[in-house]
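Subject: Structure for you to look at

Hello,

Here is the structure I said I would pass on. My notes on strands and salt bridges follow below it.

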Amino acid sequence: MGILIKPEHLKRYKDIAWLLMKYGRADLVKTAGLEQAVEEIEADGEGHALPAKAEELAADVEKLGPTYIKLAQLLSTRADMLPQAYLDALARLQDKVEPFSFAEVEQIVSAELGVRMSKAFSDFESRPIAAASLGQVHRASLRDGRAVVVKVQRPGIREQITEDMAALNEIAAFLDGHTEAGRRYEFTPILEEFRKTMLRELDYRVEAHNLLTFADNLREFDRIVVPQPVEDFTTSRVLTMDYIKGRKITNLSPLAKIELDGYQLAEHLFQAYLQQLLVDGFFHADPHPGNVFLTGDNRMIALLDLGMVGRLAPRFQEHLLQLLIAVSEGRGDEAAEITVKIGEAKEEFDAEGFRRRVAELVIQHQTAKLENINAGRVVLQIARISGEHNFRLPPEFTMISKTLLNLDLVVHTLDPKFDPNYSIRAYSTTIVQKRVRK
């Protein structure tokens, strides 16, 4: 018995089935009864689909549109579900698309704000400075001269994502009920978490609130700046906020890096994220280099695009603090025990094998060369080991691994010799004191 195919979702079934077939999961396509929806795929002599190279995956996902790009970015942290080559390919996904027309921008902004654009802004640049799958950003000036940027949501994007999610949910529910992969990974809860994340990202009022919250939470970090929203010119589809002059840290020239106080900026940024994770329980889940700017005077770091956030309960924070300290000090057995407290054992959980492999991983991390240390990758590998040993970690764990992966990349761009292990150990006492006061 296959999935009940709904004509209105046929194209989406076809896209999903084609992707699964191309990358070696024809078994799932066949079980769901979706073979007829798939165009011809390159096959071997016996008619079996040949799995495509991992490096093609990012380009294929980008062609399918915004829902799949965002879902793939989530899956790029699921080391328990995908081989490392696919994780690396998805981590390189570029959420950059062709901009929509300025006429549509004008129509959306005027409709959302209830006034003509010329009444709200003295200047509004027609060419966007960035265009992504959910929206695009334009520079502008308010009537009082305040320099701002305006994020405008892509027309029709909510309806498109709603349709995509409906088709994905139907397939996920069928696979969960009829396949071993579905029983093992439980696709429906993953999609439900993804749906909630997407709904929050599609409401720019939520991001405006995030900007205010992060600015308040990080007020003691005087070298971190967060743009503030203009509430009178912000709606669910339009976000107006401060323009911060600067450049991506990945665009720094070798000379600029020499003149930069890279270590202090890296330390400041790393500690700010430790506070978000371990004290505030509210963290920016997407600090990739494109969202981290160096201000024009090279003295401060600006955090941009704060739509994707995570929340952590106090008990989880306590376990995460213990885990990061254990990893930073090379105590593998303790790291394994803490991980067991965080997750949930499934049937046939290989407890002994799990503990041994986590302990070995932490010891290898401790003896690695400084420039190869990556706390995010250690957490990601723990997730992979968990999947292989029938142990389920909560969704927050994968979000944290992605956050730490991106954070490691940013701080090592600022200072290639930055030691996150030392920073965790040095800042842990302060973290504990802050947690007690809170």
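A residue is called partly exposed when its relative accessible area lies between the buried range, under 20%, and the exposed range, over 50%. Please keep in mind that this is a predicted model.

Salt bridges first. The whole structure holds 18 of them. One joins Arg435 to Glu318, with the closest N and O atoms 3.1 Å apart. Arg435 belongs to helix H19 (residues 420-437) and Glu318 to helix H14 (residues 314-328), so this pair ties together parts that are 117 residues apart in sequence. Glu318, with a relative accessible area of 31%, is partly exposed, and Arg435 is partly exposed at 21%.

Another salt bridge links Glu186 and Arg392, again with 3.1 Å between the closest N and O atoms. Glu186 sits in the loop between helices H9 and H10 and Arg392 in strand S13, so parts 206 residues apart in sequence are tied together. Asp203 and Arg205 also form a salt bridge, at 3.0 Å from N to O; Asp203 is buried, with a relative accessible area of 18%. Lys151, Glu207 and Asp305 are connected in a salt-bridge network.

Now the strands. Strand S9 (residues 292-295) is covered on both faces: Val292 and Leu294 are buried on one side, Phe293 and Thr295 on the other. S9 runs antiparallel to S7, joined by three bridges, and Leu294 is the bridge partner of Arg247. S9 also pairs with S10 in the antiparallel sense, over three bridges, where Phe293 is partnered by Ala302. Five residues separate S9 and S10 in their hairpin, and Asn298 in the turn has a positive phi of about 65 degrees.

Regards

Definitions and conventions. Residues are numbered from 1 along each chain as its sequence is written. This is a predicted model: local features need pLDDT of at least 70, side-chain atom pairs count only at pLDDT 80 or more; totals for chains, interfaces and linings use all residues. Side-chain values use heavy atoms; hydrogens and water are left out. Buried means under 20% relative accessible area, exposed over 50%, partly exposed in between (1.4 Å probe, protein chains only). Helices (H or I, at least four residues) and strands (E, at least two) are DSSP runs, numbered from the N terminus. Two strands pair if DSSP finds at least two bridges between them. A salt bridge is a side-chain nitrogen of Lys or Arg within 4 Å of a carboxyl oxygen of Asp or Glu.
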